[in-house]
Every structure is written in structure tokens, then in C-alpha cells.
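Me: I have a structure open and want to learn how to read its features. Can you take me through them one at a time?

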Amino acid sequence: MAIYKLKEFKIKWGMVIDLDKCTGCGACMISCQAENNMAPMPDATDKLYSMTWMLVYRLSNGKPFPDHDIAYLPRPCVQCGNPNCVPVCPVIATTKDEEGGIVSQISPRCIGCRYCMAACPYRARYFNWHDPVWPQGMEKTLTPFTSTRPRGVVEKCHYCHHRFKAAKEKARYDGRDPNKLDEDDYTTACAQNCPTGAITFGDLMNPEHKVAKLAKSPYAFRLLERLGTDPQLYYMSKREWVRRQGDNYLEHEPTKGV
């Protein structure tokens, strides 16, 4: 059960990922790494030491052929409304206090204690074991608006926060209210580059945004919802067995939704 109650926000940036559209291609993972300046790992197959803010999990219904079925579940940070990672940080390197409800990660403050990693029930935080090293010439592809991080700090998805800042700055330049961004003003790299349109991003509190409508679908669900973490990341699937794997259902319990 979450132990930290934070303020409510008028704007909540969130995602809905349609698992019936996801093909597991990994474009979201690559887009995230490129956008957020993650260097190629010496051995990307070593998941204990590799760095990625977005993982794609393979789900199976466990049935033999011809009834066998699979699904792919992309999982960035779920941006909890009641994040367990925030109150355990001894140096306030992670917060949830900016309008928009994004759980921040302030790398220069992080001392690498990894309390946040232990507290996160989604395993959405990663310890950086390596100094970033890019192959010769590849350093020219770095995103100039987000930092690189040294080894010894914890990293996580922050919904491409530099894009959020850029969208607000553009709105001010255009004479618009930066707290009333249009749906197309701000999106994440993973949502932008998903080839099947499985990832929808926007303001969950704005009924005009597509993401707010999808989150209310009877086929929508959130991971480990009964922990009380109130994630701002929703999934949806018309397949009951997929929705059922999203939470700790007992065998006799009916599945939420249709």
C-alpha cells in the first residue's frame, strides 16, 4: 500500500497503451534511448547491468497450440499518483510536485542509494553502472535539451520532460497559456515513433484529449492497481486474459471490465 499522498493536479500527463495494437517491435525502446541520451551498452543482453527506461514484456496465455496467444506489454515508469519512490529518497532527488503529475528524477542530487528502486513495485527504475560512452561520431546525435548521466545514479522515464518544457516555452512565445497545451503540443518520443499507434499520450484530466477518453474504456486497466499507487499509465485490451495478468487476481475473482 502506498504511504505517501501528494497533491492533486489540474493536469495529469499520462498514457494509454493498446496492447492489441502492440507488435513488440521495440521502436518505443529505441526511441526512448535515442531521445534521452542513453549510450549503447557493452552487453545489452545482460539485463542486470543494461540501461533502458522502457521495457517490452512478452505475455502468454499459457495454452497449447492452437489456443496459444501472446501479447506484448511496453512498460515505462507508470508515473504513480502515490509514488512509493518519492518519500524514501533521502536527498529529494525524486519529486512529484510539478503541475502535470510527472515523477521527476534529478540526477545531480542522486547519491545512488537505490532506496527508490527497492520501493518501486514496477521495477521501473534503473541503476547506471557505466559511464556513458558513445561510438566515435555517434555523440553528434545527442539530444541537446536533456542531460547525460554519470554512473552511480538511478535513472527512470520522465515522459521526455525536456519536450514538456519546450512545449510550454513555445506556448509562451505564441502568446498562449503554457498550462493549457493542445493535444499535439507535447508528446513523448515513444508515442511519436510507435509504428502501429499503440501508444496515446496526453492530459488525462482534459476530456478533449484522446488519452482521457481511452482511459475510461471498459477495456482499460492499470498494472497492480490494487496497490493504491494510482498510476498515470493505462493499458487496454479486449482480451480478458491480458487484462487479468495486469493485476493480482485470485482464481475465483471476475476480471475487471467487459
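Me: How many disulfides does the structure hold?

Reply: A disulfide is a covalent bond between the sulfur atoms of two cysteines. The cut-off here is a pair of cysteine sulfur atoms within 2.5 Å. The structure holds zero disulfides. This is a predicted model, where local features need pLDDT of at least 70 and side-chain atom pairs pLDDT 80 or more, while totals for chains, interfaces and linings use all residues. Residues are numbered from 1 along each chain as its sequence is written, and side-chain values use heavy atoms, with hydrogens and water left out.

Me: Is cysteine 32 buried or exposed?

Reply: Judge by relative accessible area: buried is under 20%, exposed is over 50%, and partly exposed is in between, with a 1.4 Å probe and protein chains only. Cysteine 32 has 8% relative accessibility, so it counts as buried. Cysteine 194, at 17%, counts as buried too.

Me: Which residues have the most contacts inside the largest nonpolar core?

Reply: In soluble globular proteins, nonpolar side chains tend to be buried together. A nonpolar core here is a set of buried Ala, Val, Leu, Ile, Met, Phe, Trp, Tyr and Cys residues joined through side-chain atoms within 4.5 Å. The largest has 43 residues, and those with the most contacts inside it are Trp13, Met15, Tyr159, Tyr186, Ile199 and Tyr235. Apart from it lies another core of 10 residues, among them Cys89, Cys110, Cys116 and Val153.

Me: What does tyrosine 235 touch?

Reply: Contact means heavy atoms within 4.5 Å. Setting aside residues up to four places away in sequence, tyrosine 235 touches residues including Ile17, Leu73, Pro74, Tyr219 and Phe221.

Me: Where does histidine 161 lie, and in which helix?

Reply: Helices are DSSP runs of H or I, at least four residues; strands are runs of E, at least two; both are numbered from the N terminus. Histidine 161 lies in helix 4, residues 161-173. It is buried, with a relative accessible area of 19%. Beyond its neighbours within four places in sequence, histidine 161 is in contact with Glu98 and Ile102.

Me: What polar contact does the side chain of histidine 161 make?

Reply: A polar contact is a pair of N or O atoms within 3.5 Å; within protein, one must be able to donate a hydrogen and the other to accept it, and residues adjacent in sequence count only if both atoms are side-chain atoms. The partner is the side chain of glutamate 98, at 2.6 Å.

Me: Which peptide bond is cis, and what is its omega?

Reply: Most residues other than glycine have a negative phi, and most peptide bonds are trans. Here a cis bond joins phenylalanine 65 and proline 66, with omega about 10°. Proline 66 sits in the loop between strand 2 and strand 3 (70-75).

Me: What is phi in arginine 114?

Reply: Phi of arginine 114 is positive, near 70°. Arginine 114 is in the loop between helix 2 (85-88) and helix 3, and at 35% relative accessibility it counts as partly exposed. Cysteine 160 also has a positive phi, about 45°. Cysteine 160 lies in the loop between strand 5 (154-155) and helix 4, and is buried at 6%.
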